[in-house]
Amino acid sequence: MTNNQAIGVLSAALKSADYPQSYLQELISHLALDYSTEPLSANQSSKLQYLLFLISQQTPIEYIVGKAMFFGRYFNVNRNVLIPRFDTEKMIEQALLHFDEIPNKGDVTVIDIGTGSGAIAITMALETTLYVTPIIAIDDSETAVATAEENAVFYGVKERIQFLKCSDFPKNGSIPIVPSSSHIVVLANPPYIQQKHFDVLPSSVKDYEPEHALLVQPLLLKNLLHYLDTLVSNQKSVSFFLEYNDTEGKMIQRFCTEYKDQNCISDLL
Ligand SMILES: C[S@@+](CC[C@H](N)C(=O)[O-])C[C@H]1O[C@@H](n2cnc3c(N)ncnc32)[C@H](O)[C@@H]1O
């Protein structure tokens with residue numbers, strides 16, 4: 001088979017698996033192909049067969065090429081981290097619109113809870129370079145934090161982001177995480193899939209992405225809401241952007257509407 005034919009085969013495989021053609025160039029580089037009539041080397045042929053096998057097994061294309069597009073930038077991903085989703089880009093858009101309206105932008109800290117690949121924290125860092133906004137990125141998975149740090153180095157924002165591997169959020173060790181800035185913008189895309197929905201997820205998700213990044217943890221939402229309460233109790237002005245499921249969305253809505261009445265929130269927390 002020639003290089004040109006191999007590229008045609010890969011393009012067709014992407015199409016039949018419904019993967020974006022934008023990843024074709026990544027696959028071409030991965031196999032060191034060029035647009036020529038040169039025959040493939042033995043090494044290229046076996047790599048091509050392996051790629052086609054992975055695609056036929058519904059392996060997410062992002063894990064095959066080790067990259068995922070988020071907010072117009074590629075992030076390194078691997079099977080220790082969730083593949084960042086388009087829905088989460090919407091959350092960033094909302095947070096940035098809100099950020100524009102904060103009067104004292106020099107006194108803001110952004111916190112990303114459950115950072116995974118670091119896509120949220122790094123995007124926020126890159127989109128707020130003018131104000132050199134400090135960012136805190138938290139995850140309880142050591143391998144996720146390592147991936148996020150790698151991405152932050154790649155984008156030159158490692159110095160702006162404090163990465164915390166903390167298993168006892170909202171504390172880091174025995175210390176509650178309370179930044180010194182007056183305004184805190186919290187973004188979180190925690191695991192929120194309920195078991196009944198997890199069981200019927202497509203194989204490309206449930207067999208490949210980390211279960212720990214997908215399956216809802218009842219305590220985590222309580223901890224998140226507690227955390228917001230802790231920030232407010234520390235005289236912080238808090239903005240909160242959260243991606244969650246519908247069921248718990250109701251609890252969050254109630255938390256927000258009833259927040260002003262301290263008596264009402266005690267049964268929620
Ligand atoms: C849905 S993924 C989101 C990843 C990334 N923020 C994104 O949007 O692509 C949830 C992340 O939360 C982390 N996580 C799960 N439970 C946690 C906990 N109790 N404390 C801190 N992080 C947690 C997982 O390791 C995972 O990286």
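Predicted model: local features only at pLDDT ≥ 70, side-chain atom pairs only at ≥ 80, totals over all residues.
## Domains

An automatic or database assignment divides the protein chain into domain 1, residues 3-57, and domain 2, residues 82-265. Taken over C-alpha atoms, the centres of domain 1 and domain 2 are separated by 37 Å.

## Helix H3

Helix H3 covers residues 42-56. With 15 residues at 1.5 Å a residue, helix H3 should span 21 Å, and this agrees with the 21 Å between its end C-alpha atoms. Just after H3 comes glutamine 58, where phi is positive, at about 65°.

## Surroundings of the ligand

There are 23 residues around the ligand, and those that come nearest are Pro84, Gly114, Gly116, Asn189 and Ala213. Two or more residues of the shell are given by each of helix H6 (119-127), strand E4 (135-139) and helix H10 (211-214).

By residue class, the shell around the ligand holds twelve nonpolar, nine polar and two charged residues.

## Alanine 148

Alanine 148 lies in helix H7, which runs over residues 142-154. Within 10 Å of alanine 148 there are 30 other C-beta atoms; the residue therefore counts as buried, for which 20 or more are needed.

Leaving aside neighbours within four places in sequence, alanine 148 is in contact with Thr115, Gly116, Ser117, Gly118, Ala121, Ala137, Asp139 and Phe163. One of these contacts, Gly116, is also among the residues that come nearest the ligand. Between alanine 148 and isoleucine 92 the separation is 56 residues in sequence and 17 Å in space, C-alpha to C-alpha.

Key. Residues numbered from 1 in each chain as written. Near = placed C-beta within 6 Å. Helix = DSSP H or I, 4+ residues; strand = E, 2+ residues; numbered from the N terminus. Nonpolar A, V, L, I, M, F, W, Y, C, P; charged D, E, K, R; others polar. Expected span 1.5 Å × (residues − 1). Buried ≥ 20, exposed ≤ 12 C-beta atoms within 10 Å, placed from the backbone. Contact = placed C-beta atoms within 7 Å.
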